[in-house]
Amino acid sequence: MKKILLSAISMLFLCMSQAVIAQDKNLKIIKPMVVKYANLIGCADWSEVKAITKYSDKENGIEGAYVALIPSDIECAGGSGTTFSTIVVINTAEGRAGMEGNGNDYWKVIPSLSQPIADVTGAPRSLDGIYQKNGQLFATGSEYGPNDANCCPSLKLTYKVVLSKKSITFSKEETKDFYKWTFTKVK
């Protein structure tokens with residue numbers, strides 16, 4: 001009985017460690033893709049993914065994606081306080097499992113869900129964390145206090161993040177989906 005219990009515990013730890021390795025393998029592929037995308041849409045050499053989380057949204061048909069935040073100056077304004085946290089969504093192409101094959105052949109940036117194509121409302125300039133809890137996406141970030149310099153927001157807040165979709169029909173043959181990320185302060 002003791003051997004069976006020890007064997008079961010060993011198998012549990014093995015499965016857990018394999019899951020961690022699988023997640024790390026995905027992130028090693030996904031993070032450079034986020035950086036490359038940010039460099040394509042912005043004006044500086046961005047290399048820091050601030051936060052990333054696995055993301056599913058059944059209402060919008062998203063399963064097994066990742067949502068990442070990366071600092072970016074999309075409008076190329078330059079100067080102090082012009083960098084914002086940019087949302088980038090990565091998912092598998094054509095429903096393939098991300099762990100198949102060589103990896104990055106199956107992971108793709110989804111521009112319609114990512115900025116600048118997807119609209120964002122209510123987000124602070126500085127986001128430093130993102131996570132999904134009980135099916136709901138949350139982000140942590142900073143806003144400006146009354147005496148804060150343009151570079152340094154000091155008020156730490158948590159936001160509920162909701163993705164909504166609006167379908168617009170252009171003709172009988174053409175309908176397009178447009179996405180919007182809405183950030184609402186929760187504390």
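## Close-up views of a predicted model

**View 1. Strand S1 sits largely enclosed.** Five of the seven residues of S1 are buried, so this strand is largely enclosed by the rest of the structure. The model is predicted. S1 pairs with strand S2 (residues 62-72) in the antiparallel sense, over six bridges. Ile-52 has Ala-68 as its bridge partner in S2. Four residues lie between the strands in the S1-S2 hairpin, where Gly-61 takes a positive phi near 70°.

**View 2. Four strands make an open antiparallel sheet.** The order is S1-S2-S3-S4, and the pairing is antiparallel. Strand S1 (51-57) and strand S4 (107-109) stand at the edges. Each has a single partner strand, so one side of each is left without a neighbour in the sheet. From one strand to the next, the twist averages 30°. Strand S3 (residues 84-92) pairs with S4 over three bridges, in the antiparallel sense. Here Asn-91 stands opposite Lys-108 of S4.

**View 3. Thr-86 lies buried in strand S3.** Which strand holds Thr-86? Its place is in S3. Is Thr-86 buried or exposed? Thr-86 has a relative accessible area of 1%, and the cut-off for buried is under 20%, so this residue counts as buried. Leaving aside neighbours within four places in sequence, the contacts of Thr-86 include Ala-68, Leu-69, Ile-70 and Ser-72. Ile-41, Ile-74 and Gln-115 are also in contact with Thr-86.

**View 4. Five strands make a second open sheet.** The order is S5-S9-S8-S7-S6, with mixed pairing. Strand S5 (119-121) and S6 are the edge strands, and each pairs on one side only. The twist averages 30° from one strand to the next. Within this sheet, S7 and S8 pair in the antiparallel sense over seven bridges. Ala-139 has Tyr-159 as its bridge partner in S8.

**View 5. The largest nonpolar core has 21 residues**. Which residues have the most contacts inside this core? They are Tyr-55, Val-67, Ile-87, Val-89, Leu-163, Trp-181 and Phe-183. At least two core residues come from each of S1, S2, S3, strand S6 (126-133), strand S7 (136-143), strand S8 (155-169) and strand S9 (175-185). Apart from this core lies another, of 19 residues, including Leu-27, Val-34, Tyr-37 and Ala-38.

**View 6. Ile-87 and its contacts.** Neighbours within four places in sequence are left aside here. Ile-87 is in contact with Val-67, Ala-68 and Leu-69, among others. Leu-113, Ser-114, Gln-115 and Val-120 also touch Ile-87 under the contact criterion. Trp-181 and Phe-183 are in contact with Ile-87 as well.

**View 7. The whole chain, with its confidence.** The protein chain has one helix and nine strands. The chain has 187 residues, of which 37% count as buried. Its accessible surface comes to about 11300 Å², and 56% of that belongs to carbon and sulfur atoms. Among contacts with a separation of 6 or more, 48% join residues 24 or more positions apart. The mean pLDDT is 79, and 78% of the residues reach 70 or more. Over residues 2-22, the pLDDT is below 50. Beyond near neighbours in sequence, that stretch has one contact in the model.

Methods: Residues are numbered from 1 along each chain as its sequence is written. This is a predicted model: local features need pLDDT of at least 70, side-chain atom pairs count only at pLDDT 80 or more; totals for chains, interfaces and linings use all residues. Side-chain values use heavy atoms; hydrogens and water are left out. Buried means under 20% relative accessible area, exposed over 50%, partly exposed in between (1.4 Å probe, protein chains only). Contact means heavy atoms within 4.5 Å. Accessible areas come from the Shrake-Rupley method with a 1.4 Å probe; for residues, only the protein chains shown count as cover. Two strands pair if DSSP finds at least two bridges between them. Axes are lines fitted to C-alpha atoms, for helices over the stretch in contact, and angles run from 0 to 180 degrees between N-to-C directions. pLDDT is the predictor's confidence in each residue, from 0 to 100. A nonpolar core is a set of buried Ala, Val, Leu, Ile, Met, Phe, Trp, Tyr and Cys residues joined through side-chain atoms within 4.5 Å.
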